[in-house]
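Let's take a friendly walk through the aromatic rings of this model. Have the sequence and the 3D view ready.

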Amino acid sequence: MFELLGIPPQALFGQLLLGLINGSFYAILSLGLAIIFGLLNIINFAHGAQYMLGAFFSWVLLTYFGIGYWPALIIVPLIVGAFGIILERTMISRLYHLDHLYGLLLTFGLALIIQGLVRNQYGISGLPYAIPPQLAGGQNLGFMFLPNYRGWVVIASLIVCLATWFVIEKTRLGAYLRAATENPTLVGAFGINVPRMIMLTYGFGVALAAFAGVLAAPVYSVNPNMGADLIIVVFAVVVIGGMGSILGAIVTGFGLGLIEGLTKVFYPEASSVIIFVIMAIVLLVKPAGLFGRAA
Amino acid sequence: MKTKALGLAALSALLLTGAAYATDVKIGVMNDRSGIYSDISGEGSVVAAQLAVEDFKAKDKGINVTIVSADHQNKPDVGSNIARQWYDTESVDVIADVPTSSVALAINDITKEKNKVFINSGAASSDLTGSKCSPNTIHWTYDTWQLAHGTGSAMVANGGKSWFFLTADYAFGHALERDVSAVVKASGGEVIGSVKTPFPGTDFSSFLLQAQASGAQVIGLANAGGDTINSIKQASEFGITQGGQAIAGLLVFINDIHALGLQVAQGLVLTSSFYWDLNDGTREWSARYEEKMGKKPSMVQAGVYGGVLHYLKAVEAVGDKDATKVLAKMKEMPTDDPLFGKGAVRVDGRAIHDSYLFRVKKPEDSKGPWDLYETVATTPADKAFRPLADGGCSLVK
């Protein structure tokens with residue numbers, strides 16, 4: 001059998017598939033960030049904490065209310081999204097006229113507070129959350145064992161990403177949103193309630209983070225810092241894709257997952273750095289990001 | 001916490017006026033109160049120290065004990081500052097707990113310089129009683145040598161001859177892999193590969209797949225905390241244990257298993273110095289602890305109890321809190337408490353007691369949320385820790 005750089009191709013396919021799965025998480029999370037930045041001009045540092053809340057609320061629903069994984073996929077994003085809307089109305093909306101830095105500092109502070117509160121209540125070790133029985137087990141693909149749940153994660157995130165992209169780029173509602181970003185005063189003059197639209201957009205971005213949190217709960221450790229560990233990488237993904245670019249966030253999310261997966265085979269020690277190396281190169285060559293428009 | 005400490009101080013001041021010849025002892029419990037080790041140590045260790053004072057009936061014996069606590073945030077510089085402040089201006093006599101080896105090694109030096117007492121429970125590094133040993137340090141609960149030998153040799157003896165390591169890519173992970181590899185080879189096994197995983201990591205599936213493809217009988221997890229939880233959770237997802245490969249957790253605490261749930265963690269083999277359900281003594285004490293903390297104690301918290309209790313017994317026996325005399329007494333008296341049983345403190349500062357190899361129960365065998373382990377083997381105190389002569393400690397002649 002032939003080998004590719006010392007790795008049998010079958011192992012390589014396996015790793016590429018795993019990379020794609022990680023890419024799904026990057027894609028959903030960076031999509032939420034990109035939407036919020038694109039339409040609100042807020043760098044939402046609380047995104048990781050909101051992702052963590054998604055995973056925690058799935059646990060809360062299961063433990064205290066006996067509500068399982070499938071309903072949680074819908075209910076949790078609604079709850080956390082509503083929570084996001086409250087944050088937007090009471091705090092974030094006051095900062096729109098100020099520099100980006102203020103929004104960043106506020107959401108960073110919020111993230112620390114949310115993580116601290118959860119840690120205080122549930123401790124740092126985390127909480128158990130099992131894979132739903134319908135998706136337990138896996139398929140032998142010949143070159144690797146693919147757990148059913150991982151397959152589901154890729155499908156679910158692809159659907160959500162594409163639906164979001166479609167709504168924003170191809171529908172009338174999306175056109176209003178994009179117009180409101182360009183010129184809120186003018187759009188308001190046409191009788192559209194711009195503040196409400198912005199509020200709902202933030203809520204939607206937060207709900208996306210929570211959705212990723214529910215998807216992550218059965219496979220990753222559900223602990224207060226789970227979002228903080230991931231958010232830095234996701235920010236790098238957004239920067240590479242181009243701040244605020246919807247398509248860029250999706251494509252780079254999946255793409256970087258693949259590249260990271262390959263690094264884990266060829267040189268595992270570098271796998272946590274590779275994304276930042278790419279970010280540095282992209283910023284040097286194309287400062288607006290791969291899909292971003294130069295300001 | 002400060003008000004509590006002040007209250008205790010005021011209380012002991014009041015008592016002091018009552019008993020004219022009382023000894024005042026101040027114990028500083030220093031650990032991680034907000035970060036990754038806050039569940040295994042944290043406030044629980046303070047509660048354990050309070051229980052030790054309660055059980056010792058310190059007041060009746062004319063010893064006024066004050067307990068203070070602080071968060072070292074897992075940073076050696078923060079820990080060093082607190083230790084100096086405690087020793088220099090707040091007349092702290094003993095520092096207890098201190099997880100995170102780098103902080104523990106810093107406190108080890110400061111305590112020696114100030115000639116006070118350091119009872120470590122939370123740190124793993126066996127250097128504390130080896131090349132970095134100090135006459136003022138007692139290492140109570142566990143260390144890397146014990147973990148490596150406990151789990152490593154037991155797995156090889158049970159037929160796990162070939163090993164593959166998932167190693168957290170920093171000093172602790174490398175040291176653990178090195179120690180366990182040595183044990184595996186010495187016991188007649190072989191190491192067929194290892195992969196260094198970035199720390200901290202979230203997704204271990206790629207590394208687990210490499211371990212699976214290696215065909216090793218045992219996959220050793222030379223990592224800790226969230227890394228361990230994530231790797232075990234994902235190993236279960238990829239059907240690794242069902243495929244016949246065993247997973248060996250090399251530093252696993254009961255809080256980790258509780259966080260994983262039995263469905264995922266079942267079958268995992270691990271070494272520990274303490275489990276709440278060992279005997280009547282541990283059950284009774286853990287029930288009292290649970291009343292205050294709402295969960296069962298980890299071995300680190302139990303170790304704070306054992307260490308503080310032994311210290312207080314030595315203070316009583318000496319009738320003074322002079323560090324040199326008390327330390328000599330602690331090493332001379334045998335140790336005996338309900339949690340660790342009978343043992344001793346060696347000249348290098350290593351407290352020795354039995355060590356246990358546990359297997360995580362199947363969900364159907366568990367009777368409650370903390371009913372997690374079954375005992376596979378018990379290593380007697382004199383075999384559980386590194387032989388005195390092998391540590392390279394300068395105090396050993």
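## Rings and their neighbours

B:Lys61 lies over the face of B:Phe56, 4.1 Å from the ring centre. Likewise, the charged end of B:Lys296 sits over the ring of B:Trp276, at 4.3 Å from its centre. A charge sits over a ring if NZ of Lys or CZ of Arg is within 6 Å of the ring centre and within 35 degrees of the ring normal.

This is a predicted model, where local features need pLDDT of at least 70 and side-chain atom pairs count only at pLDDT 80 or more, while totals for chains, interfaces and linings use all residues. Residues are numbered from 1 along each chain as its sequence is written, chains are lettered from A and ligands numbered from 1 in the order in which they are written, and side-chain values use heavy atoms, with hydrogens and water left out.

Rings can also meet each other. Rings of Phe, Tyr and Trp (its six-membered ring) pair if their centres lie within 6.5 Å; planes under 30 degrees apart count as stacked, over 60 as edge-to-face and the rest as tilted. By this rule there are 23 aromatic pairs over all chains. Here are two of them:

| Pair | Centres apart | Angle of planes | Type |
|---|---|---|---|
| A:Tyr69 and A:Tyr149 | 5.7 Å | 65° | edge-to-face |
| B:Tyr142 and B:Phe253 | 5.9 Å | 85° | edge-to-face |

A:Tyr69 is buried at 5%, and A:Tyr149 is buried at 1%.

Finally, B:Tyr275, B:Trp276, B:Tyr356, B:Phe358 and B:Tyr373 form one aromatic cluster.

How values were computed:
Buried means under 20% relative accessible area, exposed over 50%, partly exposed in between (1.4 Å probe, protein chains only).
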